[in-house]
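This briefing is intended for reading alongside the sequence and the structure.

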Amino acid sequence: MEIIMAVLAGLLFATAIYNLLQKQILRIIIGTVLLSHGAHLFILTMGKLKRGDPPIIVEGAGPFTDPLPQALILTSIVISFGVTSFLLVLAYRASTLNKTDNMEELRGSEHE
Amino acid sequence: MSNIAVLPILIPLVAGIITIFFHKKIKAVRFFAKLVTLLNLGVAVWIGYYVIQNGTVVLETGDWVAPYGIVMVADRLAIFLVITTNIIATACVFFAQHSLSLKQEQFYFYTFYFLLITGVSGAFLTGDLFNLFVFYEVLLMASYGLVILGGERVQLRESLKYVLLNLFSSMLFVTTVAFLYSVVGTINMAQIAQRVQEVEQTGILTTIGIVLFFVFATKGAIFPLYFWLPKSYIVPNTVVSALFGALLTKVGIYSILRTFTLMFTNDTGVTHELFIWLAALSMLFGVIGALSTNNIKLIIAYNIIPAVGFMLMGIGLLNDAGISGSVYYLIHDMIIKAALFLMVGALAYLAGTSDLTKMKGMIHHYPLLGWMFFIGSLVLAGIPPFSGFIGKLLLLRGGIEEERFVIVVIGLLTSLLILLSMMRIFMRGFWGEKPDIKVQPKQARKLMMPAVFLLTLSIILGIGAEWFYPHVDTITTELLDQGSYIDSVLKE
């Protein structure tokens, strides 16, 4: 199961990088979203995948699930959600004011 | 008493939230911001005194015993950097109202400013790798808000790249933390340091270490990942540039200093060797950038990169003199970069342009600014008796002790070129015929006061090195002895 998840995370990373290398802003943002999904899936996999066990350690209790990766992912999801929504607004404003959404044209010149 | 470790994070956070509610009443906000900043500086100094007297303060949040909960570790290095941060914050808050337009100030400048201080202080104080990521995000979010303040065309364009790059490196950071968690099973820095020594396969740890280094190198603007820095640092307002230039890259360097003296010292032949070469390249490319442009703000922004190179060199050397040189240089550079950014901001405002080819003879109208800038250049280049000299002396001594003569020669050469790049501003901007501009002595005095304050501190740091150096020495001993950090956190 871990192998499949690792491959899936790798696929997400690959598509994310592909999208990041595009010129259109919106595609790049989709790339960052996919990248964060890949990273989150990856954290989950790194904490070992298990089913049916509670994430609580009680004295003498049997097997348990590691709760730390979930906590990390939750924090990371909130952050990347916030950054992505900010990025969407920023991209909208930037492309309206600069009259283009092509990164090639947003490079800027030496003298301005 | 361990709760005091959280105060430098809590005070600006609460202040930032409070300023949201009356952001339009600008006089009240200004007064409140200055008051809280001074209070925070006082608290930081008090904690610093407490740490010197009683040793490292460790806060286990929610009484979760380390390594299970999040810990805040106020050791000497962290608290000294927090004090420096607050000194710079004080200078910037007094500069802000003269440099920002009323509209920019009302648009939550002080909120973002306080959140930036929160994030920076938090990154210095945390003892948990994932928590470090969270504080990075706090300070980055605040910096996103600050960099677009004003909403001009060029600002939006540059901030888009800044945000994208930082988002990418943040996600890489999360992935690296996940890797590390899978290998050592913890994210508490002290426990990672403990377990790293027990791991049998050191190859995977070196790989993780280098990936982590690249994350911090992106934030800290080290060759070859510095390309985003110069332009995105000069597009915002002067006071924002000063905050960024003084604080943000230094957080990256601090993280490298912490992780690569505490955790990843298992294979120094690979990691620390890499640092030395990247340090040399950062110095050279940064200073070439500084020489290549006529924009005074851009010259100062490019000068951040060789400074980062110097600090990285000390970390790479990993000996007594090298690490103390890095620590000294870190504190010195935070202060002098803030002062220089504020000075060129004042200069650009008074001259009405930041283009050197259109500027001349400013010293006729503003002699104090001219001579202050001259001293600032000497401090930056490392001319004795100023603080830059002490840091560089230690670093170069460390280099000679390790018989790394190439990096020593490059370091000396870079210092000369830094002086040249700064003297270009002085000669072409300040010398020459008396220019035909409107003189604003009153405004000039207001703009210069914060820079005078920072420059004085920098000179004290250089001349009073006798008094300051023992503390740096203690910090170095603590950094090089991983056991002391592990013991104070895990209490074994």
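A residue is called buried under 20% relative accessible area, exposed over 50% and partly exposed in between, with a 1.4 Å probe and protein chains only. By that criterion, 37% of the 112 residues of chain A are buried. This is a predicted model, in which local features need pLDDT of at least 70 and side-chain atom pairs count only at pLDDT 80 or more, while totals for chains, interfaces and linings use all residues. Residues are numbered from 1 along each chain as its sequence is written, and chains are lettered from A in the order in which they are written.

**Fold and dimensions of chain A**
- Chain A contains three helices and zero strands, where helices (H or I, at least four residues) and strands (E, at least two) are DSSP runs numbered from the N terminus.
- Along the sequence, the pattern is α-α-α.
- The C-alpha atoms of chain A occupy a box of roughly 70 × 25 × 20 Å along the principal axes.

**Contacts and charge in chain A**
- Among contacts (heavy atoms within 4.5 Å) with a separation of 6 or more in chain A, 60% join residues 24 or more positions apart.
- Chain A carries 8 positive (Lys and Arg) and 9 negative (Asp and Glu) side chains, His and the chain ends not being counted.

**Thr37(B)**
- Thr37(B) lies in helix H2 (residues 26–54) of chain B.
- Thr37(B) counts as buried because its relative accessibility is 3%.
- Leaving out residues up to four places away in sequence, Thr37(B) touches Ala89(B), Thr90(B), Val93(B), Tyr113(B) and Phe114(B).

Key:
Heavy atoms only, no water. Charge placed at Lys NZ, Arg CZ, Asp CG, Glu CD.
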